[in-house]
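Subject: Structure handover

Hello,

Here is the structure I promised to pass on.

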Amino acid sequence: MGRTRLRFQLINTPLVALFICLYRHFVMSSLVESNRLSVSNYLETLAIIAFLSFAIGLYWRFKFRSRYLAVELEETKLLNEELKKMQSPEHTSSNEMEQSSEKPLQQEITLTGTTNESVTLQISHLLYIEAVGNYVKVNHLRDGQVRSDMLRATMKQMEETLQDYPMIVRCHRAFLVNLGQVEQIISHSGSTQLLIRQCHESLPASRSNMAQVKAAIASTRCGK
């Protein structure tokens, strides 16, 4: 879309400058001698139009960008409020009561890869999983300390293993995050990051995956 607009401008601006010069030559040259068609008149007109187009375009870009960022910041503020409510002890205990009447989710899980390595952890202690080449790095808590274990596996395999846990979502093509361990959602200059509570790492959240993050917070908050 941006390239098409630029191509249109590159074609349209010289044509508009030519039409203006022709109008000045045939209509206004009888009034002012300097309005006659010439290379210098054409280049001067072209420069004026190009400058005005750039200045006006820049103005509208920053005006709408500031509005967009203001809306994004307000949305992030509300999202952080929902995140804190979702992580509150009252909400956690109510979820446990609802799950007791349904099929209970395992609180301990073993993650395996294509080799013999495996990682067993409490699901609430999982911080995030990061794709690293042909491996995944499982970042989790053990005895109050942050640990990282490598498994030869894909993010798709990890997603399938953890699909029953709505708190664990893909926030980026290279990251799976436990929303229960997210301290804050940070939005700055159009980019979004998730600050992890225990290790204070900031994970990127892509635009395409933020919809999944928002849906997970909303559904977990509503107890779905």
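Below is what turned up, from the whole chain down to single residues.

Overall picture

Please keep in mind that this is a predicted model. The protein has 224 residues, and 30% of them count as buried. Its secondary structure comes to five helices and ten strands.

Two helices, H1 (2–28) and H2 (39–87), each supply at least two residues of the lining. H1 gives the most, with seven residues. Sorted by class, the lining has six nonpolar, five polar and two charged residues.

The aromatic pair

The count of aromatic pairs comes to one. The partners are Tyr128 and Phe175. Their ring centres are 6.0 Å apart, and the planes make an angle of 55°, so the pair is classed as tilted, since only angles over 60 degrees count as edge-to-face. Tyr128 belongs to strand E3 (residues 126–132), while Phe175 belongs to strand E7 (residues 175–178). The pair therefore ties together parts that are 47 residues apart in sequence. Are the two partners buried or exposed? Tyr128 has a relative accessibility of 7%, so it counts as buried. Phe175 is buried too, with a relative accessible area of 11%. The cut-off for buried is under 20%.

Thr110

The last stop is Thr110, which sits in strand E1 (residues 108–112). Thr110 is partly exposed, because its relative accessible area is 40% and that class runs between 20% and 50%. Which residues does Thr110 contact, leaving aside its neighbours within four places in sequence? They are Ser118, Val119 and Thr120. Thr110 and Thr161 are 51 residues apart in sequence. In space, the distance is 9.2 Å from C-alpha to C-alpha.

Best wishes

Terms used: Residues numbered from 1 in each chain as written. Predicted model: local features only at pLDDT ≥ 70, side-chain atom pairs only at ≥ 80, totals over all residues. Heavy atoms only, no water. Helix = DSSP H or I, 4+ residues; strand = E, 2+ residues; numbered from the N terminus. Buried < 20%, exposed > 50% of the residue type's maximum accessible area, 1.4 Å probe, protein only. Nonpolar A, V, L, I, M, F, W, Y, C, P; charged D, E, K, R; others polar. Phe/Tyr/Trp six-rings, centres within 6.5 Å; stacked < 30°, edge-to-face > 60°. Contact = heavy atoms within 4.5 Å.
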